[in-house]
Amino acid sequence: MKYSGVFPKASKAVPSDSESVNSSLLARGGFIHKEMAGIYSFLPLGTRVLRKIQDLIREEMVKIGSQEIILPAISSLDVWKQTGREGIDVLYHMVSRGGQKLVLNPTTEEIITPLVRDYIKSHRDLPLSVFQIIDKFRDELRAKSGILRGREFNMKDGYSFHRDQEDLDRYYDVVTKTYHGIFDRLGIGKDTVFTYASGGDFSDFSHEFQAICPVGEDTIFHCDNCNSAVNREIISSHSTCPKCNNDKLEEKRGVEVGNIFKLGTRFSTAFHLNYKDEKGLDNPVVMGCYGIGPTRTMGTIVELSHDDKGIIWPESVAPFSKHMFSVGKDESVVKFGMEIYEELKKRGIDTLYDDRKDVSNGEKFATADLLGIPERVVISKKLMEAGNVEVKKRKETVPEVISMESFFNRP
């Protein structure tokens, strides 16, 4: 893509209402636009990043046998009354013109359970795993920290259905391993720890994937011995590590980028979701749920991977793999740059080519640093005449001059 056609262009100005690194850098780079507190538009560059995060998550969920669905964003208040959750404070309430009381869904246990009830009848229908990646809505009292905590946000939520606890436990472990792999691929695996949290009405524990980050809203107690953690909400009753019993835990801040719960029969009982076993007897279906926030993860990546010049995207989710531009006004260099760009396109290499003629070389360099694309490629007359290009990884400081042949033949 040519940068002259990208909407909008990067800005030097720091937004006056920017309250976090992720909101500042993403807004300046033209990835997002703040509409109001907790509500953001995702612009073309931001949409490219978000879709790559979503596709990576989607790919990993499909690998473990989960099937993608799309559930409605609106539900009747009546289904929330069936589970006694109609009074939770994050619900957005609406009334239709016909007088029906409706809710914008912050989560979808109340929707998926009665839906599955219409299709699961026998033990032969189990186990089942489904997931979706859609926008959710929560009436946050204090939306803050950019896209780390929004009133409208993108969410991958998955649900699994089992005949017994043993089968749920097996799949729960599969998802746990898959989530670790997802965060590794997203470039934040080394910063993300498996965290024990309150299980509430469902089980002894739920589990969170907390990215250790100074701006995180959660307080966790990290165990260096086994690299797990305990959420502050349960530290009074679990002052040692639940995994290895270590009593030397270090207090840290974390961003919850994922969570998993063993729901048991809490929702299947409320909605009469049963299956018939081999003897023809009715049994409640045992459920689990599994969430990852793509928008929150995107913000977390920026918080954890940036410098004073801009974002440093991991290759897996960067909007482009290369950011190329020429320096100087020599038309032969500009033409040479276009030829390289076209060749990269033919080879299927996703490249952003800054073809602007009305900006300084310094602004091109600054734009490249701000946007954070993994590799910068610079062309000059001297380099062209020598048959070379200059390349620099965004996360490195020293550029390298290599031949055109080497440039095109690298993996």
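Two strands pair if DSSP finds at least two bridges between them, and strands themselves are DSSP runs of E with at least two residues, just as helices are runs of H or I with at least four, both numbered from the N terminus. With that in hand, welcome to this predicted model, where local features need pLDDT of at least 70 and side-chain atom pairs count only at pLDDT 80 or more, while totals for chains, interfaces and linings use all residues. Residues are numbered from 1 along each chain as its sequence is written, and side-chain values use heavy atoms, with hydrogens and water left out.

Look for Met94, whose bridge partner in β6 is Leu102.

## Aromatic rings

Next, the rings. The structure holds 12 aromatic pairs. Rings of Phe, Tyr and Trp (its six-membered ring) pair if their centres lie within 6.5 Å; planes under 30 degrees apart count as stacked, over 60 as edge-to-face and the rest as tilted. Tyr179 and Phe209 make a tilted pair, 5.3 Å centre to centre with 55° between the planes. Because Tyr179 lies in helix α5 (residues 165-185) and Phe209 in strand β10 (residues 205-212), this pair ties together parts that are 30 residues apart in sequence. Tyr179 and Phe209 are both buried (under 20% relative accessible area, with exposed meaning over 50% and partly exposed in between, for a 1.4 Å probe and protein chains only).

Phe194 and Tyr196 form an edge-to-face pair, with 5.7 Å between centres and 75° between planes, and both residues are buried. One aromatic cluster takes in Tyr179, Phe183, Phe194, Tyr196, Phe205 and Phe209.

Charges meet rings too: Lys262 lies over the face of Tyr172, 4.7 Å from the ring centre. A charge sits over a ring if NZ of Lys or CZ of Arg is within 6 Å of the ring centre and within 35 degrees of the ring normal.

## Thr195 in strand β9

Thr195 belongs to strand β9 (residues 192-198), and its 0% relative accessibility is why it counts as buried. A polar atom of its side chain lies 3.2 Å from the backbone oxygen of Val193. Not counting residues up to four places away in sequence, Thr195 touches Ser206, His207 and Ile220, among others; contact means heavy atoms within 4.5 Å.

Asp308 sits in the loop between β17 (306-307) and β18 (310-311). With 75% relative accessibility, Asp308 counts as exposed. Its C-alpha atom is separated by 9.3 Å from that of Asp369, 61 residues apart along the chain.

Asp369 is one of the buried residues of helix α9 (residues 361-371), which also include Leu370 and Leu371. The cover over the buried residues of α9 includes α1 (21-28), α2 (44-63) and β20 (351-354). Just after α9, Gly372 takes a positive phi of about 75°.

Definitions and conventions:
Polar contact = N/O pair within 3.5 Å; in protein donor to acceptor, adjacent residues only side chain to side chain.
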